[in-house]
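User: I've got a structure on my screen and I'd like to go through its labels. Could you tell me what backs up each one?

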Amino acid sequence: MGQDYSYSQPSSSSNSIDMSSLLEAEAKMYADEAESPYCNAEPDQFPPQPEADDGIPTACYCGAQPVVKCSYTAKDPYRRYFSCPNVDDGGCHIWKWWDVALTEELSEVQRHVRQLKDQAFECDQKMLKLQKTVCEVKKKSENTIVFALAVCVMVAAIVFMGLAAMYLSGRASKK
């Protein structure tokens, strides 16, 4: 009916398989694969985006500013929620209960306040340590000034005694 396809297999007795050449070929193949830019591609880096899921939403996924609406269902009558004004266009838009958003936002504010308190405490500790160091340096400098003043008085006394001795010896030689 058509073409006759035939093939032949090499006999095992005619060519012996060289294992070392097969291993070398396999190693070369893996080395080429390791150098391929497709395998070692850098992951895409996207700039950090504000999460619309945490706290009070500030922007919808579509870019619009969320609005507060009120639920009129039997299960949640008069419960407020955040929604997008473009919700009817069929795209993916933000929707979140108002009380849940406020609870998350307050938790984040509390965490931030705790962080600021910790930083203030660390600053206070550093200030106390600095004040202690300043007091120690001041005491050392006062001691240095007192010592220098004492040395000056002693030198002045020695000079005065030397001058007095010269005066007295000069007076005694005149008599």
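Predicted model: local features only at pLDDT ≥ 70, side-chain atom pairs only at ≥ 80, totals over all residues.

User: What makes β1 and β2 a strand pair?

Analyst: Two strands pair if there are at least two bridges between them. Strand β1 (residues 67-72) and β2 have five bridges, in the antiparallel sense, so they meet the definition. One spot to look at is tyrosine 72, which stands opposite proline 77 in β2. A hairpin of four residues joins β1 to β2.

User: And what makes β2 and β3 a pair?

Analyst: Three bridges join β2 to strand β3 (residues 95-97), and the two run antiparallel. With at least two needed, that counts as a pair. Tyrosine 81 has tryptophan 97 as its bridge partner in β3.

User: Why are β1 and β3 called edges?

Analyst: The sheet is open, with three strands in the order β1-β2-β3 and antiparallel pairing. β1 and β3 each have a single partner strand, so one side of each has no neighbour in the sheet. Neighbouring strands are turned by 40° against each other on average, direction ignored.

User: On to the rings. How many aromatic pairs are there, and why is the one between tyrosine 72 and tyrosine 78 called edge-to-face?

Analyst: The whole structure holds four aromatic pairs. For tyrosine 72 and tyrosine 78, the ring centres are 5.8 Å apart and the planes sit at 85°. Centres have to lie within 6.5 Å, and planes over 60 degrees apart count as edge-to-face, so this pair passes on both counts. Both tyrosine 72 and tyrosine 78 are exposed. Elsewhere, ring pairs link Tyr81, Trp95 and Trp97 into a cluster.

User: Why is the contact between arginine 79 and aspartate 76 called a salt bridge?

Analyst: Their closest N and O atoms are 3.6 Å apart, and the rule asks for a nitrogen within 4 Å of a carboxyl oxygen, so this one qualifies. By that rule the count comes to four salt bridges.

User: What does the salt bridge between arginine 79 and aspartate 99 tie together?

Analyst: These side chains meet at 3.1 Å, N to O. Arginine 79 lies in strand β2 (residues 77-83) and aspartate 99 in helix α2 (residues 98-174), so the pair ties together parts that are 20 residues apart in sequence. Aspartate 99 is partly exposed, at 34% relative accessible area. Asp76, Arg79 and Asp99 are linked in a network of salt bridges.

User: How do you know that lysine 96 and glutamate 104 form a salt bridge, and which label does each get for accessibility?

Analyst: Their N to O distance is 2.3 Å, which is within 4 Å, so the contact counts. Lysine 96 has a relative accessible area of 10%, under 20%, so lysine 96 is buried. Glutamate 104, at 29%, is partly exposed.

How values were computed: Residues numbered from 1 in each chain as written. Heavy atoms only, no water. Phe/Tyr/Trp six-rings, centres within 6.5 Å; stacked < 30°, edge-to-face > 60°. Buried < 20%, exposed > 50% of the residue type's maximum accessible area, 1.4 Å probe, protein only. Axes fitted to C-alpha atoms, helices over the stretch in contact; angles between N-to-C directions.
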